[in-house]
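Visitor: I would like a close look at one residue and its surroundings, and then at the backbone and helix packing elsewhere in the chain. Could you take me through them in one connected account?

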Amino acid sequence: MDILTHGITGVLVSRALPGGHRGSMMAAGLIGALAPDLDVVARLWDPMAAITVHRTATHSFIGGAIVALGVAGLVWGLTRQNPLRLFAFAYLGLLSHIGSDLLTAFGTAILWPLSDRRFALAQHYIIDPIFSATVLTFLIATFWSKGKRESLATIGLAALALYVLATGAHKSIAVSRWQALTESQGMRPIRSAVIPLFPGPFRWLGVSETDNTFYQQSFRLYGSNTGTPHLFPKTNTDLRDLEKLKEVQVFLSFARFPWKLEVEDRGLRLVEYRDLAFADHPLGGPLALRIWLNESGSVRKMELGHRF
C-alpha cells in the first residue's frame, strides 16, 4: 500500500486499543506503521534494492520486532511513557503495514531471516482508493466523536476486514474470468495469474504463459471485453553468459513471468528482462532490468526500471 494509507491505518489500529487516544501511543503506532519503508535508503548503494531489500528485513515479523523496539525507544526518550505499551503500539502499527502490503502483488518476506520467500495475496493494487478512504473516514470520525473513539476505530477495522474479504471474492471471479477469456481465444496456458490494477477491485491484469508466447491483457471484472491480449513471443537467443550476472539471476529469481527482449539502442545492444506480472506501476513500471552491451559484449550500463 502507499505510505499515506500505512500511516492512517497505523493510527486507526492504535485508537482501537485502550489508551490509544494518548499522543505518545498514537505516535508509536504511527511511526511503527511508517518505519518499515525506511528500507528505501538501501537504494543509495544497491540499484537492485527494490527487489533485493525492499519488503524483507523491516517487513518481517522478526525484523519488524527489532524495528518496533527502536521506535518504542525513540518515543520513550521523548515522552517517558510505559516502554512496554509503546512497543506494543509500535509493533501493532508495524503489523498493520505488513498486513496491508501482503494484500498487494509485490510480495513480502514475512518470515525473514528464516526464509526469503515472498508471500502475496495479490488482491489489491498498491494504491487502493476504497481502502484508503475507508480507513481515513473512520480515523477522522474517532477525532470528532470523543466518547466513542475505540468503538468507531473497531468498526472501521471491521469495515476494512469486510472489504478485504470482498476483494478476495472479486479475485476469485477474476481468475474465472481470465480462464474463460483464454479459452475463448484458443490459448493453452502452462500457467496463468491475475494481478489487480488501479483503482481496483474491478480492473485486473491477466497473464498467461504458453510454450512459445506470453499473453497479457487488462480486463474489467464486469461487462464485455472487446480487446485482444498483447503477445510477447519467447526468444531463442542464447543469453546464458549474460544470465551468469548476479543482477540477472536476482531479477529472474524474483520475476513471476520473466520475458526477455533484445534490440539495438544508439549503437549498443540492449537486452531487457521484464516481469509481465507488473504492467503498470504508479512510480515507474513495468518492472524491467535493462542491460546495454558494447560490440565486445561488455556491460556498458545497467538499470532496474522500477521504483519502490
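Guide: Leaving aside neighbours within four places in sequence, His-124 is in contact (heavy atoms within 4.5 Å) with Met-1, Leu-103, Thr-104, Ala-105, Phe-131, Tyr-163, Val-164, Thr-167 and Pro-196. This is a predicted model, in which local features need pLDDT of at least 70 and side-chain atom pairs count only at pLDDT 80 or more, while totals for chains, interfaces and linings use all residues. Residues are numbered from 1 along each chain as its sequence is written, and side-chain values use heavy atoms, with hydrogens and water left out.

His-124 lies in the loop between H5 and H6, where helices (H or I, at least four residues) and strands (E, at least two) are DSSP runs numbered from the N terminus. With a relative accessibility of 1%, His-124 counts as buried, a term that means under 20% relative accessible area, whereas exposed means over 50% and partly exposed lies in between (1.4 Å probe, protein chains only). The His-124 side chain also makes a polar contact, at 2.8 Å, with the side chain of Asp-128; such a contact is a pair of N or O atoms within 3.5 Å, and within protein one must be able to donate a hydrogen and the other to accept it, with residues adjacent in sequence counting only if both atoms are side-chain atoms.

The backbone deserves attention too. Most residues other than glycine have a negative phi, and most peptide bonds are trans. Pro-113, found in the loop between helix H5 (83-102) and helix H6 (129-144), is joined to Trp-112 by a cis peptide bond with omega near 5°. The bond from Phe-198 to Pro-199 is likewise cis, with omega near 0°, and Pro-199 lies in the loop between strand S1 (191-196) and strand S2 (203-209). Arg-80, in the loop between helix H4 (61-79) and H5, has a positive phi near 55° and is exposed, with a relative accessible area of 53%. Arg-266 has a positive phi of about 50° although it is not a glycine; this residue sits in the loop between strand S5 (258-265) and strand S6 (268-275) and is exposed at 74% relative accessible area.

As for helix packing, Leu-12, Val-13 and Arg-15 in H1 meet Arg-149, Glu-150, Ala-153, Gly-156 and Leu-157 in H7.
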